Amino acid sequence: MVTPIYIVATGLGVGFAIGILKKFGKNFTGALVLAALAFMTFISFQWFYGLHYGSEVATYVYTAGFKPPFSINLLMGQYESIASLMINAIGLLGGIYMFNSLKARGSDAQVVYLILIMAMNVLVMTRDIFNLFVFLEIVSIAIAGVILLEKSDRSMSAGFKYILASGIISTILLLGIVFAYYLTGTLNIDDFVGISLNTYKGGGLVIFLMMMAAILELKPFPANGWGLDLYEGADPGISAIISGASATASLFVLYKIMAFAGAEWNYYVALIGIITFVGSNFFGIVQENTRRMLGYSSIGQIGLLMVVLGFKDVLGDSTPFILFGLLISHYLAKAGLFWLSGIIKAKDLKEWSVIRKHPYFLFLMGTFVFALIGFPPFPSFFSKFNFVLLLTETGNIAWVIAILAGSMLEAIYLFRWFGYAVKSENSHIEKNKVCLHKSIPIWIMALALYGFSYYTSLSNPWSIAINFIPLAFVALLFVLDFLPVYIKNSLSILGMAYYFYLVYPQLDNMRLIFEVIFIVGGILTLIAGFAYKGTRPGFHAVALLMFAGLTAIIEAKTTLEFFFGWELMTAGSYFLIIRGKRSMTHALSYMMFSIGGAYALLAAFGISNVGQINLDLNQIGHISYLSTWAYALLILGFLTKTASVGLHIWLPGAHGEAESDVSPMVSAILLKAGVFGLVLTLIAMNGSDSQWSNLAYALGWLGAITALSGNLMAVFQEDAKRLLAYSSIGQLGYIVFALAMMTHLGWLTAFTYSINHFMYKAILFLTIGAVVLRVGTHDMYKMGGLIARMPMAFIAVLIGIIALSGVPPLSGFAGKWLFYNAVMEKGWYFQGIIIFFSGGLAFLYLWRLIHTIFLGQLKDNHRNVKDISIWFAIPVYILIGGIMVFSVRPDWVLQPLGNMLSPFFPTGQLNWDHSYAYTTLGYWSGTNVFITIVILFLIVFGILALSTRKAHKLKQFDITYSGEKPFRPETTHVAWNVFAGFYKAVWPATIPLVAKFWDYVTDFFHDGAGFTRRIYSGNGQAYMMHILYFIIITYIVIIGG
Amino acid sequence: MSIYYKLGYTLLGLLIVLNWGMLMSAIFRKIVARVGGRYGIPYYQPWIDLIKNLGIRTTLSHGIMFYLGPVFRFTGAVGLFLFMPVLFGNEAWANFSFQGDLVLILYFQLFGMLGMALGAGEGGHPHSAIGISRGLAQHAAIELPMTMGIIALAIQYQTLSISDIVAAQQGSVLNWSIFTNPIAGVTILLAALGAMGHSPFNLVKAPNEIPIGPPTEYHSTFLGILMSSGAILHVMEAVLFMNLLFGGASNWFEMILKTFLIYFYSVFVGVVYPRFRIEQSVAWFFKIPLLLGIIAILMYSF
C-alpha cells in the first residue's frame, strides 16, 4: 500500500521537476502531469479499495518525524479515500480534457493545475487546522492562477473577484485559528473534537469564524456573486474542477469543522444550505448563459448537500448513502455538463440545439440532466427518496417542502435547456469540431454514472427488489438504435409480448386490466410504427422506457418501486412527447407538471411511511400521521397525470403535437397510469379509518368540472389532434368523477370508461394520426370530403365517435347507463348533470371531427391521397373488434368487473338476469338492444336498397349553391369556426382562466428572479459587501446581537 | 305473448303513430298558414307528398354515408317507438320497452340525429352543414334543462323506468307529475319547446332562408323516408313528455288527445314568437329553464 503522503510528494515533486524538464517540450510536461495525476488517482483508489473491503484500516500519516501538536498529521479513512479518489479522478480526466488548453498556456499552467489537485487532496486529509488554512490558500491561488492564465477580460475579472473573496475567507479562518490557538494551545482538529471548544470563553466565536470560512468556501446564497462569475468566466474545464473537485474538498472541510463545532451548528448549516439550494435555483430560472446557469445549479446542489450534512444526526446511518448518492450524481453530471459546454461552445441556451449534430452528445447531456434532477435509475433518485422519507419520518415536513420546491426550480431551467437542445432551430449554427481527448472523459463520467446507479440500487435494501429487466431491454434497444425500424419494432413487440406472458399470472384482476391497457395497448400502438421508414432514431428505446415504467407501477410492491416506475414512465413519455415537431414548450410543461406531481407523491409516500417498518405499498391503506394530507397529496400527484382541470394545461399541446403513433400512446394508455394511481389511493382511503368523504366530494366536483371544461374546449378546436386531446381531458374527468363516488356502481362506471376510453381514443388518435401522415396537416379545415379517398379511416372514426358519444347500441352507452344509475344512487345530482351536459357537448366536437375531415367538400390538393397506412389500420380494426365484442356482450365485461369490485364495495351491485342488467332504479339489456337496432337498421337499409338500386353516385360539385354549381371547395366546405353561434352564447365559459393563472405564476417567478438577481451587479466591491453582510447577519442570527 | 303477436302489434302501433304524425304535421302547417292569413294546404297533403316522393325513381346519391343518413334517421325514429311504452298497462303496446329504460330513450334519440348529420354532411351542401352545426349547438343547450327536469322526476319516483314513472301517476289527474312536481314539469316543458323544433327554435331547418337545412340534398325516396321519420319522431317526443308529465295514456284516444295538446303547445308558441338566432336560442335555455332546473334539483338535495 502506497502511503497517502505520496499524493503530496508526487504533486510537489513533479511540479518542481517540470521547472527543470520544461525544455523537453510542453507535450512532455503535459504527459508528466497526467502521469502524476494517474499515480495520485491510483494511490487514492488503492486506499479506497482497501478501506472499503476491510483489508486496510484508517491510517494516520505523520510528517517530519514528530507527532502532533508538533507536526502535521494526515488521515486516510474511508471517507477521505472516497473524497481524494473523486478529486484525483476528476483531476486526471480534467487534465486529459484540458491537455491542449493547458499546453497552450504553458508549462506553468500545467504545474499550477497539478498543484491545485494535490492541494485539494491535502484539504481532505489534513488534521491540522493551520495546515488546512495554508492549503486553502494554495487552492485559492492555484485556481486564480489557472483562471488568470486564460487571456480574456471575463476570466481576468472573475479571477480577480475570486482572489478578493478568498482573501476575506482566509482572513476569517486565520482569525479563528489565532483565537483557537490562543484558547487551547493546539491546532489539531482531533484535539478540537476531544476538548469541546464551546466550553472556552470565546470558543463560540472561534467556531463561528471557522464555520463561516468553511461555509463561505461553498459559495452560500446570496454571498456568492464571485463564485458565479467564476463559473461563467473560467474555462469550462476549470469550472468542472471547481464544481466537482473543489466543491467536494470544501464540503469535506465543512464536514471536518462541523465535527467539533457542536450539534447546534447543524441546524444553521442546513438552513444556509436550503436557502442556497432554493435561492440559487430560483435565480437559475432566468439564466440564458449556459455556464452561469450551470454555476447556479452547482451552487444549489452544494446547498442541498449542506442540508444533508446539517441533518446528519437525524439521518443517522443513512447519511453516507444519501450524501454520497447526491454528491456522486452532482460530481459526475456537472463535470460532464461543463465539459460538454466546452465542446459545444454555445453560450446562449438556445444555441445548444447544435448538440443535435452530435447525437451521442445529446444522449450524454440527457443522462446528466436526468441524473441531476434525480430521475431513476441514477443514485440521486435513491438518495432523494431516502432523504425525503427520513425527513418526513422525523417530522421535518417544512424541509421536505423546501427541498422539493428547490428541486422543482432546478428542473425548470435544466429541462428548458434540454428542450432547446432537443428542439430549437439549429440549421444556422455550425457543427463543432470534437477532439477525442475531450469526449473520452465525458463518456467516462456518463458510464460511471450508470455504473454507480447499479451499485447504489444494490446497496439500498429496498431497491434490490426493483425489476431491472425491462430497463435492461430498453438499454439494449438504445444500443441497437442503428437498426431499421422494422427490426426494432418487431423486437419491441416481441419483448413486450413475452414480458406480458411472464407477468400476467402474478397479477390480480384489477392490476391485470391496467396491465392489458398498458402492454397490449402498447403492442397495438407499436404495430402502427411499422408504417415508418428508416431507423427512427431513439424512438423505440424511449417508448419502451415508458412502457417499462408503466409495467413497473403495476408490479410495484413497495412505494420505492412504485415511485421508480412512475419516474421512468415520466422520463420515457417526456422523450416521446418532445419528439413531436412543435413540442418543445409542451414537453417542458408536461415535465413540470409531472415533476410537481411526482414530488407530491414522494411527499405522500414519505408521510405514509411514518411509523411503518417497511416501504410496503399497502401502507397507504393505514396512514396514521397527517392522513388527510397524505391522501390529498397522492390524489394531487395522480391528477397531474389524468390532467384534471387546473393541472391540464400541458395536455392539449403535448398530445396534439406528438407524432401520429405517439398520441395514442400518451393519451389512450399513459393517462390510465393516473387512473391506476387514483384507484390505488381511493381503495386505500376506503379501507382506512380516516375521514375521507370531504376529499372524495371535492374530487367529484373536480372531475365534473374537468369533464365540462375539457369537452367545451374541444368544441372550439380547429386542430384535430388538439380536439381529441381536449376530449381526453373531458373523458378523464368522467373517470375521476366516477371514482370519487366511491360506490360499486361508480367504480363500475369508472372501469367501463377506462376500458372504453382506451379503445375508442386509441382508434381515433391512430386513425386521425394516420390521416395526418397522409395529408400533412392537423388543421381540420384544411381537409374535407376525405371519405371518398379514405373509406377505411372513415369507418374507423365513425365507430370511434359513436362509441365515444355513448349512443346505443355501441359500448359507450354502457358507460352512460351506468353513470345515470350511479349518480342517482349516490345523490350527486348537480355534478352528475354537469357530466351529462358534457356528454352532450361531445356531440358537437365529434360531429365536427368527422364532418370537417371526411364529409363536405374534398380539397383540390387531396384528390390523390391514399387511404391510411395498413399498419395503422391493423391495430385500429383490432380495437374496433374489441368495441364490438363489448357492445354485443357487455355482460362479458361488466360481470367480471363487478365481481372484481365486490370486495371493495360489497353493496349496491349490478344484478344480472341473463343479458339483463338491473339496478334499484333502471334496467338495460345491451345484447337485446344491439340485436333490435341492428335488425331494424338492416330492414330499413334493405328496403331503401331495393327502392334505390339504380342510383348512381354524383360528382363532388353536383349541388346548387347560390344559384350555380360551386367550383371551389374552400368556399363551400363549412369547416372553419363552425360553432361560432354557439361560441357567442358560451364564450364566458371558455376564457382560459387556468392557463392565465399558470402564466401569472410563471411570470411571477420569472420576473421575481429577474428582479432580485440584480444584486449580482458584477461589481467586485459589491460582492465583498455581500460576504460581509452575510457574516454579520449570520452572526446576529446565530450568536445573537 | 308470442313474439309474432308482439311484432304484429308493434307494426300496427307504428302505423297508427306514423299516420297520426303525418296528420299532426298537416294541422301544424294549416295553423301556421291561417295565422299568416293564408288558406293553407289540404289535410291530406302529407300523404300526397309521401306517395309522390316514394313514387319518384331515385337515381342519384352522394355516396354511402349520404345513403345511410336516412337509414339511421328512420331506424332512430322507429327504435324510439320500439323502446317506448306507448300505452300504459298494456303489454302489447309496451313494445320492446323491456329492453331498456329512460336512459336508453334519451341516448337513442341521438342515433338518428347523428346518422342524419353525417349523411347530410356527405351531401356536400353548405346549407346542410350550417343547419347541423346549429342543430347540435341548440341540442346541447336544450339537454341541460331537460336532463335536470328528468333527473328531478327520477329522483321523485326513485326509478329510471318510464313504465314505473307512468304507473306512479295513475289514480287521479292530480297525481300527474306536472302537478306533483310542477317545477320539474315546467322545466321539461320549456326544454320541450326546443326539442320540438318549432319557432322560435327552428333556425336549424330555417325553412325559408337555408332551404330546409340538413336534408337539403335529399330527394325522392330519401326525402320520403325522412318525412316519415319526422312524423314518427314528433309523436314519440310528445309521447315521452306525456309519459313523464301527464300520466301516460291507457288507450289510443287518450294518447292522441294528449300528444295533440303537447305538440300544439309548441306550435302555438311558435306562431306567436319569431325565430331566435342560434346564440339567442342557446342563451335562452341557459336562463330561466336552467334556473328552474336547478331549483327542481335543489328541492331534492336537502
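The legends below describe several close-up views of this predicted model. Residues are numbered from 1 along each chain as its sequence is written, while chains are lettered from A and ligands numbered from 1 in the order in which they are written. For this predicted model, local features need pLDDT of at least 70 and side-chain atom pairs count only at pLDDT 80 or more, whereas totals for chains, interfaces and linings use all residues.

**View 1. Helices α2 and α9 of chain B cross with axes that come within 6 Å.** Helices (H or I, at least four residues) and strands (E, at least two) are DSSP runs, numbered from the N terminus. Helix α2 (residues 45–55) and helix α9 (residues 220–245) of chain B cross at roughly 145°, where axes are lines fitted to C-alpha atoms, for helices over the stretch in contact, and angles run from 0 to 180 degrees between N-to-C directions. The crossing is left-handed, a term used if the near helix is turned anticlockwise from the far one by less than a right angle. From α2(B), the residues B:D49, B:L50, B:N53 and B:L54 meet a set in α9(B) that includes B:L223, B:G224 and B:M227; two residues are in contact if their C-beta atoms, placed from the backbone, lie within 7 Å.

**View 2. Chain B meets chain A through several of its helices and a strand.** In this interface, 64 residues of chain B are in contact with 62 residues of chain A. Among the elements of chain B that give two or more residues to this side are β1 (60–61), α3 (64–83) and α4 (102–123), but α5(B) gives the most, with 17 residues. By class, this side of chain B has 37 nonpolar, 20 polar and seven charged residues, with Ala, Val, Leu, Ile, Met, Phe, Trp, Tyr, Cys and Pro counted as nonpolar, Asp, Glu, Lys and Arg as charged, and the others, Gly among them, as polar.

**View 3. A:I850 belongs to the largest nonpolar core.** This core has 515 residues, and A:I850 is listed with A:L116, A:L123 and A:I763 as those with the most contacts inside it. A nonpolar core is a set of buried Ala, Val, Leu, Ile, Met, Phe, Trp, Tyr and Cys residues joined through C-beta atoms within 7 Å. Helix α32 (residues 744–775) of chain A gives the most to the core, with 19 residues. Not counting residues up to four places away in sequence, A:I850 touches A:V797, A:L798, A:I801, A:L855 and B:L118.

**View 4. A:R536 and A:A643 have positive phi values.** A:R536, in the loop between α22 (509–528) and α23 (539–555) of chain A, has phi near 50°. A:A643, in the loop between α26 (627–642) and α27 (651–657) of chain A, has phi of about 55° although it is not a glycine. A residue is buried if 20 or more other C-beta atoms lie within 10 Å of its own, exposed if 12 or fewer, and partly exposed in between, with C-beta atoms placed from the backbone. A:R536 is partly exposed because 17 other C-beta atoms lie within 10 Å, whereas A:A643 is buried because 30 do.

**View 5. Cis peptide bonds join proline pairs in chain A.** The bond joining A:P376 and A:P377 has omega of about 5°, and A:P377 has its place in the loop between α16 (359–373) and α17 (379–393) of chain A. The bond from A:P808 to A:P809 has omega near 10°, and A:P809 is found in the loop between α33 (791–805) and α34 (812–826) of chain A.
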